[in-house]
Amino acid sequence: MVNFREVNDNDILKEWLDYREQEIFGSLTKEDKKHHIYFDEIVENILKNVPKQSQKYVKKQLDKLDENFMDYLCYWNEKYYRNGFVDGSQLVIGCFDE
């Protein structure tokens with residue numbers, strides 16, 4: 001039996017989540033954009049206020065922060081949606097079990 005809670009190489013649920021991510025980012029509404037994290041603008045504003053000799057280091061650290069934050073969001077979103085999908089599927093399947 002396939003365990004959809006685990007991510008693997010041939011994971012149809014992972015492919016669906018990746019597709020949805022691309023679809024969502026391609027069609028943001030005005031409300032979505034109000035809650036968007038404008039990381040590039042924030043970085044630019046920070047770097048404007050950092051001495052020239054420190055800008056390269058600060059930029060590198062901010063890029064690491066962005067990458068780490070995105071990894072964090074992807075992990076928790078996938079875990080939340082994956083487990084929600086599996087829980088919902090198990091509820092439906094449970095309706096047909098005797």
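1. A residue counts as buried when its relative accessible area is under 20%. By that cut-off, 12% of the 98 residues of the protein chain are buried. The model is a predicted one, and the points below should be read with that in mind.

2. The fold is helical in its assigned elements: the protein chain has 4 helices and 0 strands. Read from the N terminus, the order of elements is α-α-α-α.

3. Taking pairs of residues at least 6 apart in sequence, 59% of the contacts join residues at least 24 apart.

4. One feature of the surface deserves a separate point. I37, I42, I46, F69, M70, Y72, L73, Y75 and W76 together make a nonpolar surface patch of about 820 Å². Two or more residues of this patch come from each of α3 (39–48) and α4 (52–96). The largest contribution is that of α4, which gives 6 residues.

5. M70 is one of the residues of the nonpolar patch, and its place in the chain is helix α4. Is M70 buried, partly exposed or exposed? Its relative accessible area is 34%, so M70 is classed as partly exposed. The class runs between the buried limit of 20% and the exposed limit of 50%.

Definitions and conventions:
Residues numbered from 1 in each chain as written. Predicted model: local features only at pLDDT ≥ 70, side-chain atom pairs only at ≥ 80, totals over all residues. Heavy atoms only, no water. Patch = residues over 30% accessible without salt bridge, like charges linked within 9 Å, V, L, I, M, F, W, Y side chains within 5 Å. Areas by Shrake-Rupley, 256 points an atom, 1.4 Å probe, with all protein chains shown as cover. Salt bridge = Lys/Arg side-chain N within 4 Å of Asp/Glu carboxyl O. Buried < 20%, exposed > 50% of the residue type's maximum accessible area, 1.4 Å probe, protein only. Contact = heavy atoms within 4.5 Å.
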